[in-house]
Amino acid sequence: MPTVTVKMTPAQHSRLQQEAKKRHTTHSALLREAFEQWNPSASNQPRSLAQKAAHLIGSIEGPGDLSLQSKSMTGYGLPDHR
């Protein structure tokens, strides 16, 4: 893959570092994603659901795997009859 050098202000670099850390990704991946959003026709490769939802991954808290916690699922999906 070709390498490109980008000059940016210290404030832009700081924002890039913060966003990359928040999304648990690299600076390069974040810049490629931003470029694709700016010019989506430039990419011939479709993005996976995981790539499209990357900003959501880890954004909520809860049990990791409900299949291992079947007691948590008791009554799940049933109307609440109080």
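This is a predicted model: local features need pLDDT of at least 70, side-chain atom pairs count only at pLDDT 80 or more; totals for chains, interfaces and linings use all residues.
Trainee: How many helices and strands does the protein have?

Mentor: Helices (H or I, at least four residues) and strands (E, at least two) are DSSP runs, numbered from the N terminus. In this protein there are three helices and zero strands, which gives the pattern α-α-α when read along the sequence.

Trainee: At what angle do α1 and α2 pack?

Mentor: An axis is a line fitted to C-alpha atoms, for helices over the stretch in contact, and the angle, from 0 to 180 degrees, is taken between N-to-C directions. Angles under 35 degrees count as roughly parallel, over 145 as roughly antiparallel, 65 to 115 as roughly perpendicular and the rest as oblique. Here α1 and α2 pack at about 100°, with their axes 9 Å apart, and they are therefore roughly perpendicular to each other. Their contact (heavy atoms within 4.5 Å) is made by His13, Leu16, Gln17, Glu19, Ala20 and Arg23 of α1 together with His27, Leu30, Leu31 and Glu33 of α2.

Trainee: Is alanine 20 buried or exposed?

Mentor: Buried means under 20% relative accessible area, exposed over 50%, and partly exposed in between, using a 1.4 Å probe and protein chains only. Alanine 20, which is placed in helix α1 (residues 10-23), counts as buried because its relative accessibility is 4%. Across the protein, buried residues make up 4% of the 82 residues.

Trainee: Which residues is alanine 20 in contact with, leaving aside its neighbours within four places in sequence?

Mentor: Those residues are Thr25, Thr26, His27 and Leu30.

Trainee: How many salt bridges does the structure hold?

Mentor: A salt bridge is a side-chain nitrogen of Lys or Arg within 4 Å of a carboxyl oxygen of Asp or Glu, and the structure holds three of them. In one, the side chains of lysine 22 and glutamate 19 meet at 3.8 Å, N to O; being three residues apart in helix α1, lysine 22 and glutamate 19 are separated by about one helical turn. Lysine 22 counts as exposed, at 62% relative accessibility, whereas glutamate 19, at 23%, counts as partly exposed.

Trainee: Which salt bridges does arginine 23 form?

Mentor: Arginine 23 forms one with glutamate 19, where the closest N and O atoms are 2.6 Å apart, and both residues lie in helix α1, four residues apart, about one turn of the helix. The side chains of arginine 23 and glutamate 33 also meet in a salt bridge, at 2.8 Å, N to O. Arginine 23 lies in helix α1 and glutamate 33 in helix α2 (residues 27-38), so this pair ties together parts that are ten residues apart in sequence. Arginine 23 counts as partly exposed, at 29% relative accessibility, and glutamate 33 also counts as partly exposed, at 23%.

Trainee: Which residues are linked in a network of salt bridges?

Mentor: The network links Glu19, Lys22, Arg23 and Glu33.

Definitions and conventions
Residues are numbered from 1 along each chain as its sequence is written. Side-chain values use heavy atoms; hydrogens and water are left out.
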